[in-house]
Amino acid sequence: MTDVQPSFELLPGDRQSPVILHVPHSAREIPDDVRAGIVLDDGELARELDHITDAHTARIAGAAAERAGVPPWRFVNRLSRLVVDPERFPDEREEMLAVGMGAVYTRTTHGRVLRPEDIDATPLVERYFEPYARAMTRAVADRLEATGRAVIIDVHSYPSRKLPYELHGEGPRPPVCLGTDSFHTPPALLAAAREAFGETELDTPFGGTYVPLEFHCKRPEVSALMVELRRDTYMTEPGGPPGPGLERLAAALTGLVDAVSR
């Protein structure tokens, strides 16, 4: 594992596009000094990365951006979520703390120790989480200024079978799960996603979507949707290569981007 700079990247789209494809969990990179605080050996860590990484989602988002009539912007995390998870609350509001998966994980997908429970998470939060949040907030503000609205499409994947860490994994596991927010997911955005992806369900097995806190429940001009792609539909699980389904999903995501860019 080597240090990677920058830890995230904003890839420009068309100035008149309101869309940001947010890809927070696609990377496997862990800086050496962060790796030193993880207790798994190299083989165990590789297996954990297979389970926890949303493999190939950056590639899907990139293909959609290239094909879209009005290219969207992309905000891509270049480090593993095992460094920090930028979509968690960094405090006691985060429900995933119950399984050791707040902003800084202390447990694995299977409940094993990842880091010591008494780790001081503050240095990781200050070094990685807070700059990420500020940059994503600026990216959304820029779309609002340029177009009067912002559409965050949060691109994720999830395993075909429930993993032990999942708090709400007992329900259906559709080919595409659409995570929604009662304030930020308008009916037109949801309808466009259903049209683009076909067989979908709402908020199962994962719910909600990412909106920077500065705008959350304050700015209806910021709309958001989480797109969770079931991994067996486009890749070999848990961490293998992509298959032909990747192109189909990239085309569907392109269709969604085109629909909401009008």
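**Helices and sheet in a predicted model**

Helices H5 and H6 cross in a right-handed manner. The model is predicted. H5 spans residues 187–197, and its axis comes within 8 Å of that of H6. The two axes cross at roughly 150°. Angles over 145 degrees count as roughly antiparallel, so H5 is roughly antiparallel to H6.

Look next at the residues in this contact. H5 supplies Leu-189, Ala-192, Ala-193, Ala-196 and Phe-197. H6 supplies Leu-249, Ala-252, Leu-253, Gly-255, Leu-256, Ala-259 and Val-260. By class, eleven residues are nonpolar and one is polar. None is charged.

H6 also meets helix H3. H3 covers residues 57–67. The axes of H3 and H6 come within 8 Å and cross at roughly 50°. The two helices are therefore oblique to each other. This crossing is right-handed. On the H3 side the contact uses Arg-59, Ile-60, Ala-61, Ala-63, Ala-64 and Arg-67. On the H6 side it uses Leu-246, Glu-247, Leu-249, Ala-250, Ala-251, Leu-253 and Thr-254. The contact of H3 with H6 has nine nonpolar residues, one polar and three charged.

Now turn to the sheet. It is open and has seven strands, in the order E1-E3-E2-E4-E7-E5-E6. The pairing is mixed. Strand E1 (8–11) and strand E6 (200–202) stand at the edges. Each has a single partner strand, so one side of each is left without a neighbour in the sheet. From one strand to the next, the twist averages 20°.

Strands E4 and E7 run parallel, joined by nine bridges. E4 holds residues 150–158, and E7 holds residues 222–230. Val-151 stands opposite Ser-223 in E7.

Two helices pack on this sheet. Helix H4, residues 122–147, touches E1, E2, E3, E4 and E7. The direction of H4 makes about 160° with that of E2. Helix H6, residues 245–261, touches E2, E4, E5 and E7. The direction of H6 makes about 165° with that of E4.

Finally, the aromatic rings. The count comes to four aromatic pairs. One of them joins Phe-8 and Phe-75. The ring centres are 5.5 Å apart, with 15° between the planes. Planes under 30 degrees apart count as stacked, and this pair is stacked. Phe-8 lies in strand E1 and Phe-75 in strand E3, so the pair ties together parts that are 67 residues apart in sequence.

Conventions
Residues are numbered from 1 along each chain as its sequence is written. This is a predicted model: local features need pLDDT of at least 70, side-chain atom pairs count only at pLDDT 80 or more; totals for chains, interfaces and linings use all residues. Side-chain values use heavy atoms; hydrogens and water are left out. Two strands pair if DSSP finds at least two bridges between them. Helices (H or I, at least four residues) and strands (E, at least two) are DSSP runs, numbered from the N terminus. Axes are lines fitted to C-alpha atoms, for helices over the stretch in contact, and angles run from 0 to 180 degrees between N-to-C directions. Contact means heavy atoms within 4.5 Å. Angles under 35 degrees count as roughly parallel, over 145 as roughly antiparallel, 65 to 115 as roughly perpendicular and the rest as oblique. A crossing is left-handed if the near helix is turned anticlockwise from the far one by less than a right angle, and right-handed if clockwise. Ala, Val, Leu, Ile, Met, Phe, Trp, Tyr, Cys and Pro count as nonpolar, Asp, Glu, Lys and Arg as charged, and the others, Gly among them, as polar. Rings of Phe, Tyr and Trp (its six-membered ring) pair if their centres lie within 6.5 Å; planes under 30 degrees apart count as stacked, over 60 as edge-to-face and the rest as tilted.
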